[in-house]
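The entries follow in the order in which I looked things up.

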Amino acid sequence: MNLFVEGILWALDPSHYGGRNGIETRVEQHLLISLGVLAVASLIAIPLGYAIGHTGRGRSLAIGVSGAIRALPTLGLLIIIALIVNVGLLAPFIALVVLAIPSVLAGAYAGFEAVDRRAIDAARAVGMTELQIVGRVEAPLGLPLLIGGLRTASLQVIATAVLADYVGGGGLGHFIFLGLKTNDYPQMLAGSIIVIVLAIASEAVFSIVQRLVVPAGVSAGRPQDVRVRSTRSRTAPG
Amino acid sequence: MNWLVNNGDLIGQLVVAHLLIAIPPIILSLVISVPIGWLANRYAWSRGTLLTGFGLLYAIPSLPLFIILPLIIGTGLRDSINLVVALTLYGLALMVRTTADGLASVDPDVRQSASGVGFSGRSQFFRVELPLAGPVLLAGIRVVAVSTISLTTVGAVIGISSLGSLFTDGFQRGIGAEILTGIVLTIILALGVDGLLVLLGRILMPWVAVNSGRVSRRERRRARLAVVA
């Protein structure tokens with residue numbers, strides 16, 4: 001436990017702040033990488049997920065691809081891309097986007113599928129076009145689950161962005177890898193503790209947002225659980 | 001390709017090392033999740049507490065956990081037990097909830113019938129509730145198996161041998177074939193163990209295959225009706 005205290009002291013030591021390898025610079029890099037990855041992954045996965053959720057087509061393909069990506073070791077992917085595009089930020093960025101897409105995609109289409117079919121039928125019956133149904137019924141009602149998907153993705157990305165510095169991509173992995181190389185356990189611990197704090201902060205922020213985005217008047221959609229089952233796959237009793 | 005031919009021995013050793021690290025957490029997280037899942041459903045206070053507690057484990061990034069864990073359990077940083085414990089914790093993060101949900105999903109009528117025909121508490125749990133929760137447990141452990149086998153590779157950056165060693169070594173020496181071999185073998189192992197679990201599920205729960213066939217037919221019909229409507 002002594003080492004643990006040393007790790008915290010290392011993280012608080014003023015001499016480790018400021019400059020290119022200052023803690024605050026590395027935290028900023030880490031957060032910027034994570035945000036950038038989430039933004040790019042969202043741009044790709046949300047429209048795709050909405051299309052799958054709205055039409056009900058391609059769902060099994062999406063599940064299959066997501067499963068395959070789960071089996072894909074991120075470290076290996078990151079390193080092989082680094083070997084191709086050279087060391088730096090690009091390789092970890094691509095690898096992290098690949099990692100983040102399945103969660104966001106699942107959140108997007110699960111959100112649409114969880115919408116009560118009767119609400120969609122009603123919207124169609126009052127004369128809404130398909131685009132209006134997507135934009136004004138399905139998207140708002142599915143938002144809590146989409147945020148849930150972003151929450152999982154954000155956690156994964158913050159955790160895995162540690163590996164970015166292994167190929168020279170920056171971020172908080174710097175302290176961990178430098179500590180490993182020089183056998184500086186307090187430094188490794190400091191880096192680890194800061195990453196854990198960021199991960200938990202991300203969880204906290206997203207859980208609040210998830211609660212805020214539930215449309216007024218809808219309490220049934222309140223996310224008790226991120227993995228809410230869709231109404232489509234539920235079978236009738238008997 | 002040359003690299004692959006010349007390093008068959010090394011690859012074999014790493015596959016074995018990889019499995020020795022990855023398999024125990026898969027089994028342990030299944031076995032340990034059963035009593036915890038049971039406890040979660042047993043009392044009013046326990047469900048929220050246990051599910052939130054184990055769920056939080058998932059929020060801890062892997063590499064930092066590998067580094068902090070030795071301080072708590074007193075192993076060496078490069079000890080493979082360190083990795084096994086960390087991966088078991090991740091497995092539990094998912095399995096405790098899955099098992100609790102699976103056990104809770106057993107039809108109350110079935111429970112009543114079971115105690116009606118004379119099952120005692122313990123045999124009712126092991127011979128009625130646990131088997132009926134089986135398909136849910138299987139689905140959970142398949143996810144755990146695939147992600148555990150993939151996560152095991154991260155141990156290589158702190159110096160624990162596994163297929164991940166092919167990534168770190170290949171990166172340092174600039175051998176793309178070595179890294180690619182590691183990626184492909186990790187995926188093959190993950191899919192292989194996943195397939196094995198499915199097979200094991202078929203053998204242990206022969207009734208599931210029949211059931212799922214019926215459900216999917218009904219679902220297809222519902223889907224067709226939905227299109228027509």
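Entry 1. I began with polar links, and between chain A and chain B I found one residue pair in polar contact, both at pLDDT 80 or more (N or O atoms within 3.5 Å, one able to donate a hydrogen and the other to accept it, with residues adjacent in sequence counted only if both atoms are side-chain atoms). For salt bridges between chain A and chain B my count is zero (a side-chain nitrogen of Lys or Arg within 4 Å of a carboxyl oxygen of Asp or Glu).

I note that this is a predicted model, in which local features need pLDDT of at least 70 and side-chain atom pairs pLDDT 80 or more, while totals for chains, interfaces and linings use all residues. Side-chain values use heavy atoms, without hydrogens and water, residues are numbered from 1 along each chain as written, and chains are lettered from A and ligands numbered from 1 in written order.

Entry 2. I then looked up the extent of the contact (heavy atoms within 4.5 Å), to which chain A brings 42 residues and chain B 41 residues. Together chain A and chain B bury about 3600 Å², 75% of it on carbon and sulfur atoms (accessible area, 1.4 Å probe, lost by two parts on being put together and summed over both).
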